[in-house]
Amino acid sequence: MKFVMKYDKKFQEENNTSEFNWLWKFITKRNVNSILKLSLSLDETLDILPDNISKLTNLHSLNLNMSNVKVLPESIGELRFLRKLELKKTLISTLPSSIGNLEKLNILDLNNSMIKDLPETIVNLKNLTYLDLSYSQITELPQNIGDLINLKFLDLRGTKISVLPESIGALTELTFLGITNTNINELPYSIVNLKHLSRLDLGHMNISKLPENVGELYNLKSLNLSFTKIQSLPNSIMNLKKLEFLSLHSTPISLLPDVIYELPIKILILTNLKLETISSKILDLNLPFLDKYSWHITHGIYLEDTEIAEFDVKVFSYPREEIKTFFVELEKNRIFLNEARTIFVGNGSVGKSTIINQMITNKYADKLPETRGIQLKTLNLKGDFTIRFWDFGGQAIMHSMHRFFLSQRCLYVLVLDGRKDENPEDWLDLISQYGYGCPVLIVMNKTDESPNADIDMRKVRRDYIKKFRWLDYCRISCKYGKGFNEFKDLFFLGLETLELSKKTFPKSWNNIRNKLLSMPGNYINEAQYKKYCCDNGILNEYAQNVLLSWMNDLGICFSYQGNSGIIEDTKVLRPEWVINGVYKILMAPESENCHGFLSNDIIRQILERENDVNDRYHNIERDFVVEMMRKFKLSYTIGSSEFIPMLAQISEPELPDLNNPIRFELAFNHCLSESVLHQFIVEMKADVQEHLTWRYGTFLHSIDNSNGVVRFYKNRHIIEIITSGNTNYLSQLRNKILKLINNLNIQVKEYIYYNVKNKEAKLELGRLLKMFRHNKVTDYADDIEEDVNICDVLSYITPIEVINALKKQYDNKKISDSNDSMAKDILFMTSEIKNQLSDLNLCVQMITNNANACIDLCKKIQASEKYRDNSQLNQILIELLEEMQQNNQRKKGEKLLDFLTLADTIASLANNIPSIAISLAQLMGNFSI
């Protein structure tokens, strides 16, 4: 009988052999002809193979991976039937010349070994198909490496090899060639002879040019050029008719040849590039445009951190039809945008308005009136370049309003008061969350009154420079003009980083922009807007709506699309008119000590006053402002009143005690905006107990009698959740908060407080999930000095049935240790499904099995008792099922998103119905877009 032989520690102990000769004795006491496989992997007792290894004449496989073996004996060459030799992560630095005698050897694995060179006899291995030298110490290949005529896999990644021999072209059976992270800076001409090559990995190299005839690699499916110095792609690339993967990440390529859009590409990586333009032909690939959070999707185009000189890359974040419309209009006639937006932020009385006024008039104005709400001003420069200044009032309660106007396409000017020794961190945190990657100029004003006022700019740069495109600082005194010229120089330097002067815009769209900027009133109705469009040749209604959404994003206007039931006719409004209407309400005397409640009558009286921000808001205008507050998640209706969380009492009220509470904590790396908590309160309005709500928290009571407390702690760096009753309530509250911060540039760590024998342990959720992924069932808790059961802790968030189902699914997929998809699925299933389905309308066809799985899931949810009485949800489900069964691609995508939004969190539903949760887990495993 033939068998596999592994290191036998019991045999070593029974025969009292030393760590050096146990293998020799083992071999001599066995029928050596019966041993086909010998595995000494991870054996720490052996550093030399005995010469009599040659007695294993029928040995097919020898595995020394991660052992302490340092030398192979010459007798290794006598193993004439050896087909597989694995030396991964060993200390072996040379191979004996007798290695060339292993004529039947198919696989030689030297990955991460200490091998420095290969013997010339290596080329005798005519049957070798797999040679892995990746991350070894080898510096060169034998010149006649091409003699390995049957080689199919050659991995040289991470080595110090600087030259590929010309004979490499003789490896005509090669399907994989990996030379990433090597010192090679030029490919031999003969590489084009590798007609069977399907994957060529050239990333992280100094190579600056591809062979002109690279298109002769007809079978190439994957080409990785990331982090190379290649500046252009040869035209012959059009011949790669099987190419499915192309990465140009972080290369100096500035122009993409149109021929790549004719290839069968499934994944196109165009991240971190500076491109002159992108052709509309990119749409011919019929792929979704994705971001860095979508790497789990199997196909698409990635444009993260890429800049396009001709137009704004944000074009590709819109639905496909809108992108098409943009290109159609752009091709008709284009014009330079020549416009920049700057947002001035800071606390009250720091001098924001004074600085803006001095920029526009070149004069200092003393005692300007306090900015209430928001003021918009413009400065026209030579060359028809326009700067738009957005000046926010500094009242603390208005800070929550900033998030509606912060973006990544403008210059931020943060103004500090030199008299108060202010620190910029809180403001920089806010800007980084909503305007990540933008330029920021910090200005210390009023230094004439406090000459020594300053900030630790070295620390600020260290903490924030990676979050912003550009970051600088100056000290000024507007009153005496000190430092103001330096400020202006830095201001325009910051504008240059936006590169907006190079952006183009469809001329017809630009005409509409100018019309909207010169609106005689505060808003126009739909008929007026459509007339503007028709007068400029934009007749298609869809194109009109696309344009309106773009004007909204540019900050030109605030557009309301949809029927609120209050104002059907109003279409386009000045943004300051909306925000200042909200300001009137928030800053009115009646809002003080109102504990968040304002009756409809009081709101009407506030908005109809003439002696405040803006003129009076009449009838329909008043209703519209209140409706916008609800749309912005600033308030909701209770009876004849409006409840506004940011106006709730500051002090925490006395809260009811919770029975057997579960405590959870989300800790953020930066200060979080109060608006997140206020949005959370509005979204959880069905459970919120308004009389137990304060500025920094709320008490909740659900329909199933679960209770919860959510509160801010420690300068808004921590959100605490405490729940009692149904353990699934914690999952629902947690997922709601995570959904609200999903698009913010902020990192979070999560902790569960776990009680054992009246002792409490603070356990990091990420660590538990990682251990669980590695099949660990317990973790040691320092706080209580004993082990805790990981599944018991995770069951606070998700039912154990769901955890086990997902674990089994992911184990079957054999996902790598670095993959965190399982954690996301367990803890935030709704977001994962939204990510996968949000681009559903971009698909040509949904796989039938996936559609059926989704239909089955929706039917289960529809039958669920929890949602049976929700007529609106049921109606959407019915419509969704109809669209799926009719395979109406666009509409089923829209309906599915409507359903997910209304159902709030599928994870919450799943927690109550494990069978649905398991179906959901299976659906996520099968669904691909």
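View 1. Take the contacts in the protein chain between residues at least 6 apart in sequence: 55% of them join residues at least 24 apart. A contact here means heavy atoms within 4.5 Å. This is a predicted model, so local features need pLDDT of at least 70 and side-chain atom pairs count only at pLDDT 80 or more, while totals for chains, interfaces and linings use all residues. Residues are numbered from 1 along each chain as its sequence is written, and side-chain values use heavy atoms, with hydrogens and water left out. The protein chain has 25 helices and 39 strands; these are DSSP runs numbered from the N terminus, H or I with at least four residues for helices and E with at least two for strands. Of its 929 residues, 55% count as buried. Buried means under 20% relative accessible area, exposed means over 50%, and partly exposed is in between (1.4 Å probe, protein chains only). The accessible surface of the protein chain comes to about 40800 Å², and 46% of that belongs to carbon and sulfur atoms. Those areas come from the Shrake-Rupley method with a 1.4 Å probe; for residues, only the protein chains shown count as cover.

**View 2. The largest nonpolar core and its neighbour list around Leu 95.** With 116 residues, this is the largest nonpolar core, and Leu 95, Ile 278, Ile 282, Phe 316 and Leu 516 have the most contacts inside it. Two or more residues each come from β2 (35-39), α3 (320-332), α8 (507-517), α9 (526-535) and α10 (541-554). The top contributor is α10, with five residues. Zoom in on Leu 95 and you'll find that it touches Leu 72, Leu 87, Leu 108, Leu 110, Ile 115, Leu 118, Pro 119 and Ile 122, leaving out residues up to four places away in sequence. Another core, of 74 residues, lies apart from this one; Leu 471, Val 710, Ile 737 and Ile 797 are among its members. A nonpolar core, by the way, is a set of buried Ala, Val, Leu, Ile, Met, Phe, Trp, Tyr and Cys residues joined through side-chain atoms within 4.5 Å. In soluble globular proteins, nonpolar side chains tend to be buried together.

**View 3. A β-α-β unit built on β22 and β23.** Strand β22 (residues 439-445), helix α6 (residues 457-464) and strand β23 (residues 470-475) make a right-handed β-α-β unit. Right-handed means that, with the strands pointing away from the viewer, the path from the first strand over the helix to the second runs clockwise. The two strands run parallel and are joined by six bridges; strands pair if DSSP finds at least two bridges between them. Strand β23 is mostly covered, with five of its six residues buried.

View 4. Six of the seven residues of β31 (residues 662-668) are buried, so to speak mostly covered. Six bridges join β31 to β35 (residues 718-724), and the two run antiparallel. In that pairing, Ala 667 stands opposite Ile 718. Strand β36 (residues 748-756) is also antiparallel to β31, again through six bridges, and there Leu 666 stands opposite Glu 750.

View 5. For α3, 13 residues at 1.5 Å a residue should span 18 Å, and its end C-alpha atoms are 19 Å apart, which agrees. That expected span is 1.5 Å times one less than the number of residues. Buried residues in α3 include Ile 323, Phe 326, Phe 327 and Leu 330, along with Arg 320 and Glu 322. Helix α13 (residues 619-631) should likewise span 18 Å, and its end C-alpha atoms are 19 Å apart, in agreement. Among its buried residues are Phe 624, Val 625, Met 628 and Met 629. After α13 comes Lys 633, whose phi is positive, near 60°.

View 6. Gly 348 sits in the loop between β18 (339-345) and α4 (352-361) and is partly exposed, at 21% relative accessible area. Its C-alpha atom is 9.6 Å from that of Leu 416, 68 residues apart along the chain. Asn 705 lies in the loop between β33 (697-701) and β34 (707-713), is exposed at 55%, and has a positive phi of about 70°. Glu 785, in the loop between β38 (778-781) and β39 (786-789), is exposed at 61%, with phi near 60°.
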